[in-house]
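Here's a quick briefing for anyone meeting this structure for the first time. Have a look at it, then read on.

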Amino acid sequence: MLEQLTGHEDPHPIYERLRAQGPLTHDGGTWLTTSHPLANRILRDRRFGVRLSDGSYPSNGSLLPESFLEQDPPDHTRLRRIAMPAFSPKKIDEYRTRVEKVAESLLDKDEFDLIADFAAPLPISVISDLLGIPDADTAEFADYGALVAASFDSGVTQEMANANDKVLALFDRLITQRRRTPGDDVISSLVAAEAEQKLTAQEMLGTLVLLLVAGFETTVNLIGNGTRALLDHPAQWKLFKARPELASAVVEETLRWAPPVQMTSRIAHEQVDEIGKDEWVTLLIGAANRDPEVYPEAHKFDVMRVHKPEHLAFSSGIHYCLGATLARMEGEVAFRALARRMPELRQTGPVTFRESVVIRGMRSFPVSRS
Ligand code: HEM
């Protein structure tokens with residue numbers, strides 16, 4: 001049934017059919033769960049990992065250098081720890097004013113595409129700045145991110161392969177520069193860790209590509225999905241405009257109701273109940289976030305709802321999104337800026353969706369400020 005999700009604008013009818021089969025079901029060669037408690041349990045259970053039980057990684061044909069997202073402990077723990085300080089809540093809070101300035105500067109048009117002109121450039125600019133990518137190279141990195149995201153579903157094209165070579169060469173150049181002249185950015189901090197032999201050059205490249213791609217291919221859809229949800233629910237939009245302090249509630253409800261990452265998977269390292277050793281389980285985050293056992297009126301977009309337990313939009317357990325604090329802050333800043341600067345914002349034409357089943361979001365969303 002999972003393959004039917006391709007090309008579906010609304011995955012929820014299919015998720016509901018799967019939910020009707022029980023908390024754990026088998027479909028298309030993988031175990032599947034739509035249950036929030038079960039997905040959460042599996043994500044936190046050390047008997048599951050992201051590699052096969054012999055430590056090998058089941059190649060998905062991706063060109064991306066391996067990163068700690070594809071590592072189990074102890075390598076995962078070591079590499080995540082190196083990247084962590086740059087994303088601490090304190091660091092991110094210091095960064096808020098800069099993000100506010102970027103958001104303001106982007107909202108200068110009357111008619112625009114909310115994705116291409118606002119939701120995408122904001123996180124691209126933020127992550128480029130954090131990593132230490134010069135403005136001149138930002139466009140190259142941005143195109144690359146979009147191609148990588150497309151490759152999750154459609155496989156690797158020649159265009160993607162070329163873009164990959166270019167971006168790896170760009171990172172190589174920046175790494176060489178920072179080895180000579182360190183700055184106050186993530187590339188420099190990774191270069192310092194490499195000098196102390198805490199990670200290899202290949203691991204550093206993998207970390208940088210992960211941060212780059214994870215940094216904006218998801219956040220663009222938090223901003224896009226949230227704005228569309230607000231415009232489609234005028235009472236919620238009105239409430240938020242009257243009470244901008246609800247920005248973080250808007251972020252959380254968007255993440256629950258329309259999570260940018262719809263699914264992830266784990267591999268059993270040993271037999272766990274009916275799941276055999278080295279078998280896959282797909283955790284349907286989009287479905288778990290609307291589990292009626294956990295959230296009353298789960299299909300309703302309601303910024304006033306109490307989020308207990310936390311949604312799974314950022315996953316759970318040891319791979320819990322490292323950029324969650326940053327993404328939340330970017331979302332809050334974006335929604336507040338829109339509500340303040342564009343209270344009459346309205347959709348002016350049909351939206352187009354990404355074809356991906358993993359990443360949920362729009363390709364284009366035409367809007368006008370009045
Ligand atoms: C709304 C925006 C975002 C969403 C929905 C999101 C979602 C996720 C999810 C679901 C995972 C875990 C996947 C799994 O368990 O298999 C993850 C991991 C990760 N995310 Fe995010 N992410 C977002 C923004 C960001 C940002 C801004 C960054 C910053 C650079 C980032 C960096 C990472 C990293 C480094 C990991 C790997 C963590 C690990 O393996 O330990 N993410 N993200």
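Glutamine 262 sits in the loop that links helix 14 (247–257) to strand 5 (263–268); helices (H or I, at least four residues) and strands (E, at least two) are DSSP runs, numbered from the N terminus. This is a predicted model, where local features need pLDDT of at least 70, side-chain atom pairs count only at pLDDT 80 or more, and totals for chains, interfaces and linings use all residues. Residues are numbered from 1 along each chain as its sequence is written, and side-chain values use heavy atoms, with hydrogens and water left out.

**Around glutamine 262**
- With 2% relative accessibility, glutamine 262 counts as buried (under 20% relative accessible area; exposed is over 50%, partly exposed in between, with a 1.4 Å probe and protein chains only).
- Leaving aside residues up to four places away in sequence, glutamine 262 touches Pro11, Tyr15, Leu283, Leu284, Ile285, Gly286, Val357, Val358 and Arg360 (contact means heavy atoms within 4.5 Å).

**The ligand and its shell**
- There are 28 residues around the ligand, and His76, Thr264, Ser315, His319 and Cys321 come nearest (a residue is near if one of its heavy atoms lies within 4 Å).
- Serine 315 has a polar side-chain atom 2.6 Å from an oxygen atom of the ligand.
- Helix 11 (201–216) is one of the elements that supply at least two shell residues each, and its 4 residues are the largest share.
- Sorted by class, the shell has 18 nonpolar, 8 polar and 2 charged residues (Ala, Val, Leu, Ile, Met, Phe, Trp, Tyr, Cys and Pro count as nonpolar, Asp, Glu, Lys and Arg as charged, the others, Gly among them, as polar).

**Helix 12 against helix 14**
- These two, helix 12 and helix 14, pack at an angle of about 100 degrees with axes 9 Å apart (axes are lines fitted to C-alpha atoms, for helices over the stretch in contact, and angles run from 0 to 180 degrees between N-to-C directions).
- Helix 12 and helix 14 are therefore roughly perpendicular (65 to 115 degrees; under 35 is roughly parallel, over 145 roughly antiparallel, the rest oblique).
- The residues of this contact between helix 12 and helix 14 split into 7 nonpolar, 3 polar and no charged.

**Helix 2**
- His36, Leu38, Ala39, Asn40, Ile42 and Leu43 are the buried residues of helix 2 (residues 36–44).
- Their cover includes strand 5 and helix 15 (285–288).

Terms used. Polar contact = N/O pair within 3.5 Å; in protein donor to acceptor, adjacent residues only side chain to side chain.
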